[in-house]
Amino acid sequence: MRYSAFQIAKQALGLGNGWQPVWREPDPKPAYDIVIIGGGGHGLATAYYLAKNHGLTNVAVLEKGYIGSGNIGRNTTMVRANYYLPGNSEFYSHSLKLWESMESELNYNVMHSQRGLINLFHSDGQRDAMARRGNAMRNQGDDAELLTKSQLRRMIPYLDYDQTRFPIHGGLLHRRGGTARHDAVAWGYARGADRRGVDLIQNCEVTGIDIEDGRVTGVQTTRGAIRAGKVAMIAAGRSGRVAELAGMRLPIESHVLQAYVTEGLKPAINHVISYGMGHFYICQSDKGGLVFGGDLDFYPSYAQRGNLPGVEQVMEAGMTLMPMIGRAKVLRQWGGVMDMSPDGSPIIDRTDVDGLYVNCGWNYGGFKAVPASGWATAHLMATGSPHETAARFRLNRFRDGVGVMDEEGKGAQHNLH
Amino acid sequence: MRIRCPHCGERDRREFTWMGAALERPGGSWGEEMHAYVFLRENPAGPLAELWHHDPCGAMVRAVRDTRTHEMIEPGDAP
């Protein structure tokens with residue numbers, strides 16, 4: 001069923017009884033050409049582009065829980081292309097272009113809102129770094145504007161500009177940055193993949209990866225064995241656990257990142273605002289809740305919840321930046337499992353096992369990457385060569401030291417990003 | 001989370017910095033073993049042997065913690 005205003009009117013006349021389930025719920029077949037482990041945003045987008053761009057539809061997506069139950073339904077929904085380093089820059093630029101056509105492409109409302117993203121700076125040195133980043137973004141063909149303090153004050157008057165600790169000197173505005181409805185992205189790609197013949201199999205946990213003579217032959221699951229010509233591990237925070245099924249260790253640690261939503265408020269914050277000094281960022285959802293987050297807790301965790309010291313640090317940063325939010329009540333708080341790579345950049349590559357691919361290392365930036373990640377992973381699996389926008393996301397860059405992409409300049413080491 | 005420091009006793013997690021998984025450092029120069037030591041991780045969902053730096057006194061503490069529940073199975077050396 002194609003969605004449109006006409007369709008809404010037509011279904012309304014039928015009292016809403018004509019709406020159909022958005023995707024099938026097939027039982028797994030004994031064999032597929034391609035099996036994707038993980039039905040999150042990246043896995044679903046990969047399946048969609050395998051079918052759409054490469055005509056490969058004998059594909060199954062195996063999801064341990066239900067579609068949208070992982071990080072794709074648990075993030076703070078930022079979409080942006082403000083990366084600096086070659087490798088990241090062209091990839092996220094490609095991703096943002098795919099975001100801009102996603103709704104018509106998928107015939108699905110993902111509520112993509114390009115409300116503008118502002119990265120604040122607080123010193124002359126940071127201003128120089130932001131100007132340089134802005135130039136890199138413009139060279140890539142994306143947009144960036146350096147705003148002075150007075151320009152910024154006219155746009156967002158409620159920040160604490162003249163605080164003694166981190167006075168705000170200005171900001172880098174990325175007008176095409178913004179937010180999107182995270183669940184809808186999963187549902188849109190799931191619907192698109194399903195309509196092209198991909199089997200989405202929920203409540204199906206992979207318990208083993210079959211390898212014979214250095215070549216992958218299939219997977220064992222809680223719903224039986226499935227043979228496959230190619231297998232992709234796209235499991236985000238669980239990547240290390242899935243890779244162990246293939247006898248591999250990845251350069252990944254799974255850390256906890258917390259996020260917060262307040263009660264619904266009247267429209268107050270029009271942009272996404274990122275406060276570099278506190279690693280605090282905030283936007284307001286369409287329901288009115290302030291959505292914000294900060295740093296990792298900085299220890300590995302699969303608990304999907306954090307601890308109070310992390311909460312305290314984020315709340316303090318928020319109060320330092322915009323004291324006006326101090327009386328808003330936090331409605332809920334949660335923690336996600338982040339697949340942290342040593343240099344803070346992702347991995348999309350083949351492995352040492354023939355036919356086995358890996359897509360992981362999204363750190364805390366996986367949401368905005370969903371379309372380009374799926375595009376590049378599908379390209380790699382279908383053609384055998386990496387897509388031009390993701391050629392630097394090599395698994396072996398830590399082994400040979402070539403092409404490490406440390407966007408923050410902290411060093412390619414675990415627990416620094 | 002509370003962690004035991006050999007000098008100061010059981011202290012709040014806020015006083016500690018996580019320093020990484022407790023791994024055996026291989027000898028020799030750069031190669032497969034050193035690559036695995038520096039970058040590759042078992043990344044278990046369950047008991048993890050790890051190092052915590054006690055920032056006030058400088059002690060390095062080896063503890064075992066369940067990454068699914070944050071329970072300190074071995075909270076560090078007793079004073």
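Which residues in H2(A) meet which residues in H10(A)? I opened the notebook with this question and noted at once that the model is a predicted one.

**Entry 1: helices H2 and H10 of chain A**

I looked up the residues on each side of this contact. From H2(A) come A:Gly41, A:His42, A:Ala45, A:Thr46, A:Tyr48, A:Tyr49, A:Leu50, A:Asn53 and A:His54, and they meet A:Gly366, A:Phe367, A:Val370, A:Pro371, A:Ser373, A:Gly374, A:Trp375, A:Thr377, A:Ala378, A:Met381 and A:Ala382 in H10(A). Sorted by class, this contact has eleven nonpolar, nine polar and no charged residues.

I then turned to the geometry. Two packed helices are described by the angle between their axes and the distance between the axes. Helix H2 of chain A covers residues 41-54 and helix H10 of chain A covers residues 366-383; their axes come within 7 Å and cross at roughly 45 degrees. H2(A) and H10(A) are therefore oblique to each other. I recorded the crossing of H2(A) past H10(A) as right-handed.

**Entry 2: helices H3 and H10 of chain A**

I next examined helix H3 of chain A, residues 88-100, whose axis comes within 8 Å of the axis of H10(A) and crosses it at roughly 100 degrees. H3(A) is therefore roughly perpendicular to H10(A). In H3(A), the residues A:Phe91, A:Tyr92, A:His94, A:Ser95, A:Leu98 and A:Trp99 meet A:Lys368, A:Ala369, A:Pro371, A:Ala372 and A:Trp375 in H10(A). I counted eight nonpolar, two polar and one charged residue in this contact.

**Entry 3: chain A as a whole**

For the secondary structure of chain A I noted eleven helices and 18 strands. The radius of gyration of chain A is 22 Å, close to the 22 Å that the globule rule gives for 417 residues, so chain A is as compact as a globular protein of that length. Along the principal axes, the C-alpha atoms of chain A fill a box of roughly 65 × 65 × 40 Å.

**Entry 4: the two domains of chain A**

I found chain A divided into domain 1 (23-77 + 182-250 + 343-400) and domain 2 (113-177 + 253-340). The centres of these domains, taken over C-alpha atoms, are separated by 30 Å. In domain 1 of chain A, 13 residues are in contact with eleven residues of domain 2 of chain A. The side of domain 1 that touches domain 2 has four nonpolar, eight polar and one charged residue.

**Entry 5: chain B against chain A**

How many residues of chain B are in contact with chain A? I recorded 18 residues of chain B, in contact with 21 residues of chain A. On the chain B side, strand S3 (16-21) and helix H1 (32-38) are the elements that give two or more residues. I listed that side as seven nonpolar, six polar and five charged residues.

Key
Residues numbered from 1 in each chain as written. Chains lettered and ligands numbered in written order. Predicted model: local features only at pLDDT ≥ 70, side-chain atom pairs only at ≥ 80, totals over all residues. Contact = placed C-beta atoms within 7 Å. Helix = DSSP H or I, 4+ residues; strand = E, 2+ residues; numbered from the N terminus. Nonpolar A, V, L, I, M, F, W, Y, C, P; charged D, E, K, R; others polar. Domains from an automatic or database assignment. Axes fitted to C-alpha atoms, helices over the stretch in contact; angles between N-to-C directions. Parallel < 35°, antiparallel > 145°, perpendicular 65-115°, else oblique. Left-handed = near helix turned anticlockwise from the far one by under 90°. Rg over C-alpha atoms; globule rule 2.2 N^0.38 Å.
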